[in-house]
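Subject: Structure handover, with notes on salt bridges

Hello,

Here is the structure for you to look over. Please open it first, then read my notes below.

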Amino acid sequence: MATTALTLYLVYLATAFGLRSLLQYRRTGSTGFHGVSGRPGSLEWCGGALFVLALLLGLLGPVLQLFDILDPVRSLDATPIAVGGGLVLTLVGITATLAAQRDMGVSWRIGVEQTEVTDLVVNGAYAWVRNPVFTAVIATGAGLALMTPNPVALTALVALVIAIEIQVRAVEEPYLLRTHGQRYRDYAARTGRFVPRIGRLGTTTTSPNG
(Lines give C-alpha, C1' and ligand atoms only; values in the text may rest on other atoms or scores of the structure.)
Protein backbone atom coordinates (compact mmCIF):
# COMPACT_ATOMS: atom_id res chain seq x y z
CA MET A 1 0.00 0.00 0.00
CA ALA A 2 2.92 2.37 0.63
CA THR A 3 4.05 1.91 -2.96
CA THR A 4 0.55 2.70 -4.25
CA ALA A 5 0.30 5.76 -1.99
CA LEU A 6 3.68 7.06 -3.13
CA THR A 7 2.81 6.53 -6.79
CA LEU A 8 -0.54 8.30 -6.45
CA TYR A 9 1.06 11.16 -4.56
CA LEU A 10 3.70 11.71 -7.25
CA VAL A 11 1.03 11.59 -9.97
CA TYR A 12 -1.01 14.08 -7.95
CA LEU A 13 1.88 16.52 -7.60
CA ALA A 14 2.70 16.19 -11.30
CA THR A 15 -0.85 16.81 -12.50
CA ALA A 16 -2.42 19.15 -9.93
CA PHE A 17 0.67 21.35 -9.60
CA GLY A 18 3.14 20.71 -12.42
CA LEU A 19 0.84 20.10 -15.39
CA ARG A 20 -1.70 22.64 -14.21
CA SER A 21 1.01 25.32 -13.88
CA LEU A 22 2.24 24.53 -17.40
CA LEU A 23 -1.29 24.77 -18.79
CA GLN A 24 -1.79 28.08 -16.99
CA TYR A 25 1.43 29.42 -18.47
CA ARG A 26 0.40 28.44 -21.98
CA ARG A 27 -2.95 30.18 -21.53
CA THR A 28 -1.89 33.35 -19.73
CA GLY A 29 1.90 33.67 -19.81
CA SER A 30 1.99 33.11 -16.03
CA THR A 31 2.30 29.84 -14.12
CA GLY A 32 -0.15 31.11 -11.51
CA PHE A 33 2.37 30.16 -8.85
CA HIS A 34 3.08 32.97 -6.37
CA GLY A 35 5.03 30.90 -3.88
CA VAL A 36 5.27 31.71 -0.18
CA SER A 37 4.29 35.34 0.13
CA GLY A 38 4.14 37.83 2.96
CA ARG A 39 6.72 39.08 5.40
CA PRO A 40 8.73 36.25 6.98
CA GLY A 41 7.12 35.40 10.28
CA SER A 42 3.74 36.89 9.33
CA LEU A 43 0.59 34.76 9.41
CA GLU A 44 0.47 34.75 5.61
CA TRP A 45 4.07 33.58 5.36
CA CYS A 46 3.58 30.93 8.05
CA GLY A 47 0.55 29.55 6.23
CA GLY A 48 2.49 29.25 2.97
CA ALA A 49 5.54 27.73 4.64
CA LEU A 50 3.37 25.25 6.52
CA PHE A 51 1.68 24.22 3.26
CA VAL A 52 5.07 23.49 1.69
CA LEU A 53 6.08 21.54 4.80
CA ALA A 54 2.85 19.55 4.62
CA LEU A 55 3.58 18.60 1.00
CA LEU A 56 7.09 17.45 1.90
CA LEU A 57 5.91 15.44 4.90
CA GLY A 58 3.16 13.94 2.76
CA LEU A 59 5.86 12.66 0.42
CA LEU A 60 8.10 11.49 3.24
CA GLY A 61 5.40 9.49 5.02
CA PRO A 62 4.93 6.72 2.43
CA VAL A 63 8.68 6.64 1.68
CA LEU A 64 9.53 5.95 5.33
CA GLN A 65 6.89 3.25 5.53
CA LEU A 66 7.93 1.72 2.21
CA PHE A 67 11.48 1.19 3.51
CA ASP A 68 10.26 -0.05 6.91
CA ILE A 69 11.78 2.93 8.69
CA LEU A 70 8.46 3.91 10.23
CA ASP A 71 5.54 1.67 11.18
CA PRO A 72 1.89 2.63 10.77
CA VAL A 73 -0.24 3.45 13.79
CA ARG A 74 -1.62 0.08 14.87
CA SER A 75 -5.24 1.19 15.31
CA LEU A 76 -5.34 2.47 11.71
CA ASP A 77 -3.31 -0.32 10.13
CA ALA A 78 -6.12 -2.32 8.52
CA THR A 79 -6.84 -3.23 4.92
CA PRO A 80 -10.47 -1.98 4.98
CA ILE A 81 -9.24 1.42 6.19
CA ALA A 82 -6.37 1.60 3.72
CA VAL A 83 -8.41 0.49 0.71
CA GLY A 84 -12.04 1.27 1.51
CA GLY A 85 -11.20 4.60 3.06
CA GLY A 86 -7.73 5.66 1.98
CA LEU A 87 -7.51 4.54 -1.63
CA VAL A 88 -11.07 5.51 -2.52
CA LEU A 89 -10.77 8.90 -0.82
CA THR A 90 -7.45 9.58 -2.54
CA LEU A 91 -8.84 8.80 -6.00
CA VAL A 92 -11.94 10.91 -5.35
CA GLY A 93 -9.77 13.76 -4.03
CA ILE A 94 -7.44 13.73 -7.03
CA THR A 95 -10.37 13.71 -9.47
CA ALA A 96 -12.15 16.49 -7.57
CA THR A 97 -8.99 18.60 -7.44
CA LEU A 98 -8.52 18.47 -11.20
CA ALA A 99 -12.21 19.14 -11.82
CA ALA A 100 -12.25 22.18 -9.51
CA GLN A 101 -9.07 23.53 -11.12
CA ARG A 102 -10.74 23.18 -14.51
CA ASP A 103 -13.79 25.10 -13.25
CA MET A 104 -11.51 27.91 -12.05
CA GLY A 105 -10.10 28.40 -15.56
CA VAL A 106 -7.54 31.16 -16.00
CA SER A 107 -8.29 32.49 -12.50
CA TRP A 108 -6.46 29.51 -11.00
CA ARG A 109 -3.36 30.32 -8.96
CA ILE A 110 -1.31 29.08 -6.02
CA GLY A 111 -1.03 31.82 -3.43
CA VAL A 112 -2.20 35.42 -3.71
CA GLU A 113 -0.58 38.36 -5.43
CA GLN A 114 -2.23 41.31 -3.69
CA THR A 115 -2.09 43.58 -6.76
CA GLU A 116 -3.49 40.94 -9.14
CA VAL A 117 -7.16 41.01 -10.13
CA THR A 118 -8.78 37.80 -11.36
CA ASP A 119 -12.40 37.01 -12.13
CA LEU A 120 -14.60 35.82 -9.27
CA VAL A 121 -15.53 32.26 -10.19
CA VAL A 122 -19.00 31.24 -8.97
CA ASN A 123 -19.91 28.46 -11.39
CA GLY A 124 -19.33 24.71 -11.47
CA ALA A 125 -18.03 23.39 -8.15
CA TYR A 126 -17.77 27.00 -6.96
CA ALA A 127 -21.54 27.28 -6.99
CA TRP A 128 -21.55 24.85 -4.06
CA VAL A 129 -18.47 25.84 -2.04
CA ARG A 130 -16.03 28.73 -2.20
CA ASN A 131 -12.87 26.61 -1.98
CA PRO A 132 -13.49 23.29 -3.76
CA VAL A 133 -9.82 22.88 -4.68
CA PHE A 134 -8.81 23.07 -1.03
CA THR A 135 -11.64 20.72 -0.05
CA ALA A 136 -10.35 18.22 -2.59
CA VAL A 137 -6.73 18.71 -1.47
CA ILE A 138 -7.72 17.91 2.12
CA ALA A 139 -9.63 14.83 0.94
CA THR A 140 -6.58 13.67 -1.01
CA GLY A 141 -4.30 14.26 1.95
CA ALA A 142 -6.66 12.36 4.26
CA GLY A 143 -6.83 9.47 1.84
CA LEU A 144 -3.06 9.25 1.53
CA ALA A 145 -2.67 9.41 5.31
CA LEU A 146 -5.09 6.49 5.70
CA MET A 147 -3.15 4.49 3.11
CA THR A 148 0.08 4.91 5.10
CA PRO A 149 -1.10 5.93 8.57
CA ASN A 150 2.27 6.50 10.19
CA PRO A 151 3.05 9.50 12.46
CA VAL A 152 4.72 11.51 9.67
CA ALA A 153 1.83 11.04 7.25
CA LEU A 154 -0.71 11.94 9.94
CA THR A 155 1.33 15.01 10.91
CA ALA A 156 1.36 16.02 7.25
CA LEU A 157 -2.45 15.90 7.19
CA VAL A 158 -2.75 18.05 10.31
CA ALA A 159 -0.24 20.57 8.92
CA LEU A 160 -2.12 20.64 5.62
CA VAL A 161 -5.45 21.42 7.26
CA ILE A 162 -3.95 24.18 9.41
CA ALA A 163 -2.11 25.70 6.44
CA ILE A 164 -5.26 25.76 4.33
CA GLU A 165 -7.31 27.31 7.14
CA ILE A 166 -4.71 30.08 7.47
CA GLN A 167 -4.52 30.62 3.72
CA VAL A 168 -8.27 30.84 3.27
CA ARG A 169 -9.24 32.83 6.35
CA ALA A 170 -6.25 35.16 6.73
CA VAL A 171 -5.15 35.64 3.11
CA GLU A 172 -7.63 34.75 0.40
CA GLU A 173 -10.91 35.87 1.94
CA PRO A 174 -9.62 39.34 2.93
CA TYR A 175 -8.11 39.68 -0.56
CA LEU A 176 -11.36 38.70 -2.25
CA LEU A 177 -13.35 41.07 -0.05
CA ARG A 178 -11.06 43.95 -0.98
CA THR A 179 -11.01 43.03 -4.66
CA HIS A 180 -14.64 42.12 -5.33
CA GLY A 181 -16.43 43.88 -2.48
CA GLN A 182 -20.18 43.36 -2.23
CA ARG A 183 -20.24 40.77 -5.02
CA TYR A 184 -18.00 38.50 -2.98
CA ARG A 185 -19.96 39.20 0.22
CA ASP A 186 -23.18 38.14 -1.50
CA TYR A 187 -21.51 35.03 -2.92
CA ALA A 188 -19.94 34.13 0.43
CA ALA A 189 -23.24 34.65 2.23
CA ARG A 190 -24.91 31.89 0.22
CA THR A 191 -21.96 29.52 -0.31
CA GLY A 192 -20.08 27.45 2.27
CA ARG A 193 -16.35 27.74 2.80
CA PHE A 194 -15.31 24.10 2.32
CA VAL A 195 -18.61 22.22 2.36
CA PRO A 196 -22.07 23.42 1.32
CA ARG A 197 -23.83 25.81 3.72
CA ILE A 198 -21.10 25.73 6.40
CA GLY A 199 -18.79 28.73 6.86
CA ARG A 200 -20.95 31.26 5.05
CA LEU A 201 -20.18 34.94 5.69
CA GLY A 202 -22.71 37.49 6.85
CA THR A 203 -23.82 39.93 4.14
CA THR A 204 -22.92 42.97 6.26
CA THR A 205 -19.60 41.89 7.70
CA THR A 206 -16.12 42.27 6.28
CA SER A 207 -14.68 39.66 8.64
CA PRO A 208 -13.48 36.41 7.04
CA ASN A 209 -13.92 34.51 10.29
CA GLY A 210 -17.66 34.03 10.16
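The notes below cover the salt bridges and one further residue.

One caution before the details: this is a predicted model.

**Salt bridges**

The whole structure was searched, and four salt bridges turned up.

Arg130 bridges to Glu173, with 2.8 Å between the closest N and O atoms. This pair ties together distant parts of the chain. Arg130 sits in the loop between α3 (79-104) and α4 (132-147). Glu173 is in helix α5, 43 residues away. Both Arg130 and Glu173 are buried.

Why does Glu173 count as buried? Its relative accessibility is 1%, and the cut-off for buried is under 20%. Arg193 is buried too, because its relative accessible area is 2%. Through shared partners, the salt bridges join Arg130, Glu173 and Arg193 into one network.

The next pair is Glu165 and Arg169. Their closest N and O atoms are 2.6 Å apart, and they form a salt bridge. Glu165 and Arg169 are four residues apart in helix α5, so about one helical turn separates them. How accessible are these two? Glu165 has a relative accessible area of 26%, so it is partly exposed. Arg169 is at 28% relative accessibility and therefore also counts as partly exposed.

**Ile162**

Helix α5 spans residues 151-190, and Ile162 lies in it. Ile162 counts as partly exposed because its relative accessibility is 42%. Which residue is 111 positions from Ile162 along the chain, with 8.3 Å between the C-alpha atoms? That residue is Phe51.

**To recap**

Helix α5 holds Ile162, the pair Glu165 and Arg169, and Glu173. Glu173 is joined with Arg130 and Arg193 in one salt-bridge network.

Best wishes

Note on methods
Residues numbered from 1 in each chain as written. Predicted model: local features only at pLDDT ≥ 70, side-chain atom pairs only at ≥ 80, totals over all residues. Heavy atoms only, no water. Helix = DSSP H or I, 4+ residues; strand = E, 2+ residues; numbered from the N terminus. Buried < 20%, exposed > 50% of the residue type's maximum accessible area, 1.4 Å probe, protein only. Salt bridge = Lys/Arg side-chain N within 4 Å of Asp/Glu carboxyl O.
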